[in-house]
Amino acid sequence: MSYLAPIFVGLVYVLLMCLVREPHRRRLNAVMVGGAGAAYLSGGGLGGWEFAFTAVATYVAYRGLDSWAFIGVGWLLHTAWDVVHHVKGNPIIPFAHSSSLGCAICDPVIALWCLGGGRTPRDVRQAMSFGRRGGLTPEGPKT
């Protein structure tokens, strides 16, 4: 399996999500991470732990309706669950043995974007431009 393809999928996800305006972008991503939290439920590879994880993921997704940080944490939790499933040999797509590993590579790309506030490339460019003009920088006011 290529390790670059899941990274590319994560980047495409981020770019497509950037087309959605706020606050809908954050809310849609909360729903997406909630759905990802239930992705393994039908496989039942970890028994009752699948329900426990889904409950935690649902809570985190609910909190993500108002917080990019919770959405990022949700994707990182899903990454950990992907790794557990990959090691156990119970992939997210039963006929694709390395699908959980691919998901574990893709999800942190999305998580990093979410932990950064789910900003669009335009938002980032404007913030960097504002910092160069002597305004606020990510570290605080320029002196």
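## Aromatic pairs

Rings of Phe, Tyr and Trp, the last taken by its six-membered ring, form a pair if their centres lie within 6.5 Å; planes under 30 degrees apart count as stacked and planes over 60 as edge-to-face, with the rest called tilted. In this predicted model, that rule gives a count of three aromatic pairs. One of them joins Tyr13 and Trp75: the ring centres are 6.1 Å apart and the planes stand at 70°, so the pair is edge-to-face. Because Tyr13 belongs to helix H1 (residues 4-17) and Trp75 to helix H4, this pair ties together parts that are 62 residues apart in sequence. Tyr13 is buried, with a relative accessible area of 14%, and Trp75 is also buried, at 6% relative accessibility.

A further pair is formed by Phe53 and Trp81, whose ring centres are 4.6 Å apart; their planes are at 5°, so the pair is stacked. Phe53 lies in helix H3 (residues 49-64) and Trp81 in helix H4, so here the parts tied together are 28 residues apart in sequence. Phe53 counts as buried at 9% relative accessibility, and Trp81 counts as buried at 13%.

## Overall architecture

The protein contains six helices and two strands. Read from the N terminus, its elements follow the order α-α-α-α-α-α-β-β. The C-alpha trace spans about 55 × 35 × 25 Å along its principal axes.

Of the 143 residues of the protein, 38% count as buried. Among contacts between residues at least 6 apart in sequence, 68% join residues at least 24 apart.

## Helix H1

Helix H1 has 14 residues, and the distance from its first C-alpha to its last is 20 Å, close to the 20 Å expected at 1.5 Å a residue. Its buried residues include Pro6, Gly10, Tyr13, Val14 and Met17. These residues cover an arc of only 95° around the axis, which puts them on the same side of H1. In general, an α-helix has 3.6 residues a turn, so residues three or four places apart point the same way.

The face of H1 turned away from the buried side carries the exposed residues Leu4, Phe8, Leu15 and Leu16. The buried residues of H1 pack against helix H2 (24-37), H4 and helix H5 (99-115).

## Helix H3

The 16 residues of H3 should span 22 Å at 1.5 Å a residue, and the end C-alpha atoms are 22 Å apart, which agrees. Buried positions in H3 are Glu50, Phe53, Thr54, Ala57, Val60, Ala61 and Gly64. They cover an arc of only 130° around the axis, which puts them on the same side of H3.

On the other side of H3, Phe51 and Tyr62 are exposed.

## Helix H4

Helix H4 comprises 21 residues and reaches 30 Å from first to last C-alpha, close to the 30 Å expected at 1.5 Å a residue. Its buried residues are Trp68, Ile71, Gly72, Gly74, Trp75, His78, Thr79, Trp81, Asp82 and His85. They pack against H1, H2, H3 and H5.

Asp82 is located in helix H4 (residues 68-88). Asp82 is buried yet has no salt bridge; Lys88, the nearest side chain of opposite charge, is 14 Å away. For a salt bridge, a side-chain nitrogen of Lys or Arg would have to lie within 4 Å of a carboxyl oxygen of Asp or Glu. Leaving aside residues up to four places away in sequence, Asp82 touches Tyr40, Ser100, Cys103, Ala104 and Asp107.

His85 also has its place in helix H4, and it counts as buried at 0% relative accessibility. Not counting residues up to four places away in sequence, His85 touches Tyr40, Leu46, Glu50, Asn90, Pro91 and Ser100. The C-alpha atoms of His85 and Tyr40 are 8.7 Å apart in space, although the two residues are 45 residues apart in sequence.

How values were computed. Residues are numbered from 1 along each chain as its sequence is written. This is a predicted model: local features need pLDDT of at least 70, side-chain atom pairs count only at pLDDT 80 or more; totals for chains, interfaces and linings use all residues. Side-chain values use heavy atoms; hydrogens and water are left out. Helices (H or I, at least four residues) and strands (E, at least two) are DSSP runs, numbered from the N terminus. Buried means under 20% relative accessible area, exposed over 50%, partly exposed in between (1.4 Å probe, protein chains only). Lys and Arg count as positive and Asp and Glu as negative; His and the chain ends are not counted. Contact means heavy atoms within 4.5 Å. The expected span of a helix is 1.5 Å times one less than its number of residues. The arc is that of the directions from the helix axis to the C-beta atoms.
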